[in-house]
Amino acid sequence: MGARIEVSRAIAASPQEVYEAISDVPRMGEWSTECHACEWTNGSSGPAVGATFEGHNRNGTHEWTTQATVIEADPGRSFVFECSMMDFHYATWGYRIEATDTGCVVTEWSDDLRPESTYEFSQQISGVEDRAARNHETMGSTLERLAEALER
């Protein structure tokens with residue numbers, strides 16, 4: 001099991017604007033470099049505890065889909081979801097939003113819950129050898145793209 005990974009970035013937008021963007025999961029492909037598309041599932045249509053969505057991920061020629069369940073949806077403050085594949089909860093992802101005088105600081109974080117016995121299978125699916133390093137890299141680029149979109 002890996003440790004929590006966190007990346008933070010100041011964004012010149014209100015906490016509410018940031019929350020509305022990150023919790024509008026069909027827009028995730030606009031800023032994420034790995035998750036290129038998402039859609040609400042099972043009758044869910046927006047961010048609420050218990051809402052579900054699928055995330056479609058890509059790394060080169062590797063593509064995979066994960067199922068997510070929202071476990072925290074606090075407008076202007078946080079958005080958190082559990083990620084599963086084949087009914088196996090392998091990670092929890094979240095965004096923490098803190099107001100500042102010039103907008104907010106957004107922290108994207110992830111807890112890797114995979115047991116070591118699943119690392120090889122995970123690598124085969126995703127093509128990612130070092131998941132911690134990859135997540136750190138993609139979180140930084142996701143927050144950069146989010147900032148660019150909201151600060152226009």
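**Rings and their neighbours**

Mentor: Arg4 sits over the face of Trp109, 3.8 Å from the ring centre (Arg CZ or Lys NZ within 6 Å of the centre and within 35 degrees of the normal). This is a predicted model, with local features needing pLDDT of at least 70, side-chain atom pairs 80 or more, and totals for chains, interfaces and linings using all residues. Numbering runs from 1 along each chain, and side-chain values use heavy atoms, without hydrogens or water.

Now to the ring pairs: there are four (centres within 6.5 Å; planes under 30 degrees apart are stacked, over 60 edge-to-face, the rest tilted). Trp40 and Phe53 pair edge-to-face, at 5.5 Å centre to centre and 80° between the planes. Trp40 belongs to strand E2 and Phe53 to strand E3 (residues 52-59), so their pair ties together parts 13 residues apart in sequence (strands are DSSP E runs of at least two residues). Both Trp40 and Phe53 are buried (under 20% relative accessible area, 1.4 Å probe, protein chains only).

Phe53 also pairs with Phe81: the centres are 5.2 Å apart and the planes at 70°, so this pair is edge-to-face as well. Phe81 lies in strand E5, so its pair with Phe53 in E3 joins parts 28 residues apart in sequence. Phe81 is buried, as is Phe53. Ring pairs link Tyr19, Trp40, Phe53, Phe79 and Phe81 into a cluster.

Leaving out residues up to four places away in sequence, Phe81 touches Phe53, Ala68, Thr69, Val70, Ile71, Ala91, Thr92, Trp93 and Tyr95 (heavy atoms within 4.5 Å).

Definitions and conventions:
Rings of Phe, Tyr and Trp (its six-membered ring) pair if their centres lie within 6.5 Å; planes under 30 degrees apart count as stacked, over 60 as edge-to-face and the rest as tilted. Helices (H or I, at least four residues) and strands (E, at least two) are DSSP runs, numbered from the N terminus. Buried means under 20% relative accessible area, exposed over 50%, partly exposed in between (1.4 Å probe, protein chains only).
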